[in-house]
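Me: Please pick a single part of this protein and take a close look at it. I would also like some background on the rest, in plain terms.

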Amino acid sequence: MGFFKNAIICLSILTALPSGEAPRYYAIGKVDNIHAMVSYLYNVPEKVRQKVNRFGGEIVFLEKISSAKLPRDDTLLLLAAGAIYNPDMKKSFVIKNDENCGIKYRMAVPQLHEYGHMVDHAFGYPSEKNPFVDIKNSSSEMFAEDFAKFYCGEETRNGLKETNIASFRYFEKFDRKYR
């Protein structure tokens, strides 16, 4: 009975993900909450996920940093930030986490932020145009974070609307185009 009980639990977890083309991802090590982490990516329109998949983008969820085979500088950034996008590999690396979307820290989950970098890359770097060009901040980081806030949930989307209306409008138009 143990095998069937585990199979049923796995099946129920798998069926909890929405339908449509799945983002490409895999785990290295034991990442118990991978389906919860991936579920946020389904907030992104399917046409966008398809384009990122055709582009070759992938997310790698890691149990621990030592699981990743990355250049030293990327490993140090991963250690500091908990997530990183490597454009040469077209992969985002995310350390397992239990973070949820919310306005409390005015941040989105790291997997959506890193996916935002992949979207930026796959779509020809729209971050290099207004409203993301900013003298003080990296336009790529601004694009990725605002992308993540827009798709994380209602609370972070409303926070984006309050703090950066131009970026909010960009993603509102982007979402309508690809929804």
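Reply: A helix axis here is a line fitted to C-alpha atoms over the stretch in contact, and the angle between two axes runs from 0 to 180 degrees between their N-to-C directions. Two packed helices are described by that angle and by the distance between the axes. The model is a predicted one.

With those terms, helix 7 (residues 154–163) packs with helix 8 (residues 165–178) at an angle of about 130°, and their axes lie 5 Å apart. Angles over 145 degrees count as roughly antiparallel and those from 65 to 115 as roughly perpendicular, which means that helix 7 is oblique to helix 8. On the helix 7 side, the contact is made by Arg157, Leu160, Lys161 and Thr163; helix 8 contributes Ile165, Ser167 and Phe168. By type, the residues of this contact are three nonpolar, two polar and two charged.

Next, the protein as a whole. It has eight helices and four strands, and along the sequence they follow the pattern α-β-α-α-β-α-β-β-α-α-α-α. Of the 179 residues, 46% are buried. The protein exposes about 10000 Å², and 55% of that area is supplied by carbon and sulfur atoms. Among contacts with a separation of 6 or more, 65% join residues 24 or more positions apart.

With strand 2 (residues 58–62), strand 4 pairs in the parallel sense over five bridges. One of the residue pairs is Glu58 with Lys91 of strand 4. With strand 3 (residues 83–86), strand 4 runs antiparallel, and four bridges join the two. Here Tyr85 has Ser92 of strand 4 as its bridge partner.

Strand 3 and strand 4 form a hairpin, with four residues between them. Lys90 lies in the turn of that hairpin and has a positive phi of about 60°.

Methods: Residues numbered from 1 in each chain as written. Predicted model: local features only at pLDDT ≥ 70, side-chain atom pairs only at ≥ 80, totals over all residues. Heavy atoms only, no water. Pairing = 2+ DSSP bridges. Buried < 20%, exposed > 50% of the residue type's maximum accessible area, 1.4 Å probe, protein only. Contact = heavy atoms within 4.5 Å. Areas by Shrake-Rupley, 256 points an atom, 1.4 Å probe, with all protein chains shown as cover. Parallel < 35°, antiparallel > 145°, perpendicular 65-115°, else oblique. Nonpolar A, V, L, I, M, F, W, Y, C, P; charged D, E, K, R; others polar.
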